[in-house]
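Subject: Structure handover

Hello,

Please find the structure below.

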Amino acid sequence: MRVKTRALVTAAGLALALMASGCGADDGDGGTSGSGNKKVEVFTWWADGGEKAGLDGLVAQFKTDCSQYEFVNGAVAGGAGSNAKQVLASRLQQSDPPDTFQAHAGAELTDYIKAGQIEDLSAQYKEWGLSSAFPKGLVDSLTVGGKIYSVPANIHRANVLWANKTVLANAGITAPAKTMPEFFTQLDTLKAKGIATPLALGKDWTQQMLFEAVLISRLGPDKFNGLWSGKTDWAGADVTDAINDYKKLLTYSNKDRDTFDWTDAEKLLMEGKAAFQLMGDWEAADLDAKNFKDYSYSVFPGNGDAYQWLADSFVLPKGAKNPEGTKCWLKTLGSAAGQKAFNVKKGSIPARTDSVATDYPAYQQAAIADWAKGTPVPSCPHGSACSQGWQGAVGSAQGKFSSDGDVASLQKALVAAAKQFAGK
Amino acid sequence: MSTKNTARMRRWAPGLILLAPSLIVLGVFVYGLIGWTAKLSLTDEHDALGSKGFVGLQNFIDLFTEDINGRFVHSLKNLLVFTAVFMLGALLLGLLWAFLLERGVRGEGFFRAVYLFPMAVSFVASGVVWRWLMNSGTGDQAGGLNRIFHDLHLGFLENPWWTDPDWGMAAMALPAIWQLSGYVMALFLSGFRGIPAELREAAAMDGATGYQLYRHVIFPQLTPTALSALIILGHMSMKMFDLIMSVSGAQWITEVPAVYVWQTLLTSDYAKAAAISMILLLLVAVVIIPYLIYNNRVERRS
């Protein structure tokens, strides 16, 4: 009998221990920010490279401006942010938010706003003078139902056409194309000179970016913005024209594009196997890091002064343990000094229009000038134009189009995606 | 009465107590979570906002009727092509190798190890290598296998591999076949070895030819082995995720339900992801449950 009791106790104890370890596993680092109101936990996916350097610069500024608070790094590495987003979603569901977290500015924030998970910052925008420091188009894009919920840290540009100077010179191309027909002529010239696939392209989101650039050329910035707000019809004839242009562009691109990341496509450009690549302006920092100097850049043909922006921004979550500390972080982030500390190192440009261009490297100086006078348009694959669900649906349709080139089916899918996700 | 109860207790209580921890853990983390997923698949939790209520089987119906571009049906078709090519390829190759080894080869142990070894490699690791081998560039841009074909002047063999919109999934099955044929071979080899020598001797006495011996004596005895191999390959194929993610990444041409679940989760559409998971579970159950029933019967008989 005694043996049996002991066995029973052991078994029960073991079961309890297993249960406890199972349940305790997801507590994680939730406690770090709770121990006193001096700590500010900043949740990002900036764990290495230029992004980490930018964050470090910003933290240095934070230490000066907000010396009464202590910065706690809550970075989750991996998967270009997808790991971090999963962790964040579960923490928000458990009402254990970090003091502030990183998110793409614009439509990608709508889920959090609708769930009431982040606070309105309109009052702070007035107090800190941000409404006038950021361009009006950007402020409009950030405004949801008359309120602003996030402070952008930087601006990247998506619609930039990168080129290999030597390849262009060999084909006698001296000036960047201003319109789509000119661009097609240049591509034909390059083909005739033996560059079989003059346009380097990668998979999924890189194809979405190229397609959006073509859309901007066909529709112009205003109608393009309308695609995302519901004012422009995806079923329209101008969208069909854009899809046909895009289909024609694909014939100039490498056939194995669906096996390529953007850096693989970049390699084609660097090796001179391709002349052009459409990519965001993080390519400048990457080409510089790879010590490739023979490149030039221009806005995508036909885009005019449209500045397709994407931005990382920070928010004040509801239930943050140290809201005053978070506000101090956001104030630093929005200030001229904070934006400079961050962007010089990250390779992007400040969202503020009053920054001093000469503080930055050459590409960024040009981008700052364009940002000040350009028309801002958002980007779906980078979260400023559409929600994550919309982005996934468009990505899938684009992938299908890359393999079958079916214009009607792509347009039908785009219409269906807009119907399912717009206004949500 | 009470002594009888105590005696009965004594018989099954210790076993139950020892099993209890694993039963509880299984109950919570496997069956509990299956139940939770099933419940989630019946709600409208399509974003991070949470659920507003139950929608019955709507999520399942939408998958087949409303999905943009018929994405879910497309992923099922991909899975079908993959599974058919993978199972057929691995079974035929495995049987062939087992047959050759069974006929008596010098250095059998060496070949057995060589064939079995790919199974020790993870799908992720072999996927990365096959991603390079199955490079879809042709002509001057060729790499991997296409490069070899090109250099050997066998240009007609160059092909787009997994990027082919119709038969890409057949190419995707190649790494899986390469990896699991050796395992199937080991199964068949033990099947061959399990056939008593008397049977072969009796067949020889009756004057059976080599072909007749295999056709009427040996192969019929391998049916249970073939069935086990089919089930094991089948359920692995249904859940295929890591190989596809490391060869192609998540994209339209090679999307199967498991990858679709992942993609859907990344957009926070929890209800839809749960619905696809439930269909996947049913598909695997269709393969596994008859096998379990069959096994139970065989064990009871013996």
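Start with A:Lys327 and A:Glu324, whose side chains meet in a salt bridge at 3.7 Å, N to O. The term covers a side-chain nitrogen of Lys or Arg within 4 Å of a carboxyl oxygen of Asp or Glu. Both residues sit in helix H14 (residues 323-334) of chain A, three residues apart, about one turn of the helix. Helices here are DSSP runs (H or I, at least four residues), numbered from the N terminus. A:Lys327 is partly exposed at 22% relative accessible area. A:Glu324 is partly exposed too, at 48%. The classes: buried is under 20% relative accessible area, exposed over 50%, partly exposed in between (1.4 Å probe, protein chains only).

Some ground rules. This is a predicted model: local features need pLDDT of at least 70, side-chain atom pairs count only at pLDDT 80 or more, and totals for chains, interfaces and linings use all residues. Residues are numbered from 1 along each chain as its sequence is written, chains are lettered from A and ligands numbered from 1 in the order in which they are written, and side-chain values use heavy atoms, with hydrogens and water left out.

Two in chain B are worth a look:

- B:Glu108 pairs with B:Arg112, with the closest N and O atoms 3.0 Å apart. Both lie in helix H4 (residues 108-116) of chain B, four residues apart. B:Glu108 counts as buried, at 17% relative accessibility. B:Arg112 counts as partly exposed, at 36%.
- B:Arg147 pairs with B:Asp151 at 3.5 Å, N to O. They are separated by about one helical turn because they are four residues apart in helix H6 (residues 144-151) of chain B. B:Arg147 is partly exposed at 31%, and B:Asp151 is partly exposed at 48%.

Salt bridges that share partners also join A:Glu41, A:Arg91, A:Asp96 and A:Lys321 into one network.

Domains of chain A

The assignment gives domain 1 (37-154 + 311-363) and domain 2 (157-309 + 379-421). These bounds come from an automatic or database domain assignment. The domain centres, taken over C-alpha atoms, are 29 Å apart. Twelve residues of domain 1 are in contact with 16 of domain 2, contact being heavy atoms within 4.5 Å. The two domains bury about 1,200 Å² between them, 57% of it on carbon and sulfur atoms. Buried area is the accessible area (1.4 Å probe) that two parts lose on being put together, summed over both. In domain 1, A:Ala107, A:Glu108 and A:Tyr363 lose the most area to domain 2, together 49% of what that side buries.

What holds charge across this boundary? The count of salt bridges between the two domains is zero.

Chain B against chain A

The contact takes 30 residues from chain B and 36 from chain A. About 3,000 Å² is buried between the chains, of which carbon and sulfur atoms give 60%. On the chain B side, helix H1 (2-41) and helix H12 (257-266) each supply at least two residues. H1(B) gives the most, with five residues.

Best regards
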